[in-house]
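Hello,

Here is the structure I promised to pass on to you. Please open it alongside this note, and then read on.

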Amino acid sequence: MIALVTGTRTGVGKALAEHFLDRGDTVIGCSRRPSGIRHPAYRHHEIDLTDAAQARSMFRAVRREFGHLDALVNNAGTSVMNHFMMTPEKTARAVFDLNFFAVLNCCREAAKLLQKSPEGSAAILNVSTVAVPWALDGQLVYSASKSAVEQLTRVMSKELAVFGIRVNGIGLPPVRTVLTRTLAPETLDAVVERQTIGRLCEMDDIVGPVDFLTTGRSAFVTGETLYLGGVQ
Ligand SMILES: NC(=O)c1ccc[n+]([C@@H]2O[C@H](COP(=O)([O-])OP(=O)(O)OC[C@H]3O[C@@H](n4cnc5c(N)ncnc54)[C@H](OP(=O)(O)O)[C@@H]3O)[C@@H](O)[C@H]2O)c1
């Protein structure tokens, strides 16, 4: 499989890229800064995804080298944990630029390559958060940007079905990464306590559902966002 994962320098994206590589896939990754992943089947693009032209150049390179894609994982994201009264408009727009508009742009470019997938079940997977169904206070801008991504997932699944491309999401609970390192321990504990499975999510908990949603094993699943940890 040829998979493009965004935001592979750290955190969830790095773990997913390494998992795909271990499995024998070819992985194209990106981030603004250089990656530490060294593997013959890995290609890294140092780009800012909020710059549509830079994102397009990455997809052009994929087309030149491979001619198609089998999976796109829209993982790169940023957050702002703040009362909305303390969140300036500029900050809010920057969150939407990466979490929503960059995802929309990547999907547009990827769709041209995913429809050429010989696997017969090409997939887009968008990374979301439990902050959407739980409407967590202090995360208005972040969860609103991910709500937009979940709506994108639903609508795009219909618009891309005709091209044989499925579009799903995965809603993550807190995971220990750069993104969550500034969260107060009591904030993290309160969210974990709310989960049906009352422990912190590990990278190993994520790879199984990602495998399922990015391969033919979920060939009859589209337009869904799967939440981990139990959110009901
Ligand atoms: N960690 C959690 O608890 C948690 C919970 C729910 C959902 N999520 C979601 O999971 C995803 C991954 O989060 P994470 O915790 O793994 O975050 P992370 O460790 O901060 O990683 C984010 C990655 O995205 C890259 N990136 C950031 N801005 C970029 C840009 N403008 N252009 C290109 N690449 C960019 C970063 O590399 P550079 O800095 O080099 O660009 C990095 O590789 C996000 O969508 C997040 O919302 C995370």
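A word on the ground rules. This is a predicted model, in which local features need pLDDT of at least 70 and side-chain atom pairs count only at pLDDT 80 or more, while totals for chains, interfaces and linings use all residues. Residues are numbered from 1 along each chain as its sequence is written, and side-chain values use heavy atoms, with hydrogens and water left out.

**The ligand**

The ligand has 29 residues around it, and Arg9, Asn75, Tyr142, Val175 and Thr177 come nearest (near means that a heavy atom of the residue lies within 4 Å). By class, this shell holds 13 nonpolar, eleven polar and five charged residues; here Ala, Val, Leu, Ile, Met, Phe, Trp, Tyr, Cys and Pro count as nonpolar, Asp, Glu, Lys and Arg as charged, and the others, Gly among them, as polar.

- A polar side-chain atom of arginine 32 is 2.7 Å from an oxygen atom of the ligand.
- A polar backbone atom of asparagine 75 also lies 2.7 Å from an oxygen atom of the ligand.
- A backbone N or O atom of leucine 49 is 2.9 Å from a nitrogen atom of the ligand.

On its own the ligand has 890 Å² of accessible area, and the protein covers 95% of that (Shrake-Rupley method, 1.4 Å probe). Helix H1 (11-22), strand S5 (122-129) and helix H4 (140-161) each give two or more residues to the shell, and S5 gives the most, with three. Helices (H or I, at least four residues) and strands (E, at least two) are DSSP runs, numbered from the N terminus.

Arginine 166 sits in strand S6 (residues 165-172). Why is arginine 166 counted as buried? Because its relative accessibility is 6%, and buried means under 20%, exposed over 50% and partly exposed in between (1.4 Å probe, protein chains only). Its side chain makes a polar contact of 3.0 Å with the side chain of serine 121 (a pair of N or O atoms within 3.5 Å; within protein, one must be able to donate a hydrogen and the other to accept it, and residues adjacent in sequence count only if both atoms are side-chain atoms).

Alanine 135 is in the loop between S5 and H4 and counts as exposed, because its relative accessibility is 60%. Its phi is near 45 degrees, a positive value in a residue other than glycine. Most residues other than glycine have a negative phi.

Valine 192, in helix H5 (residues 185-194), is buried at 11% relative accessible area.

Best wishes
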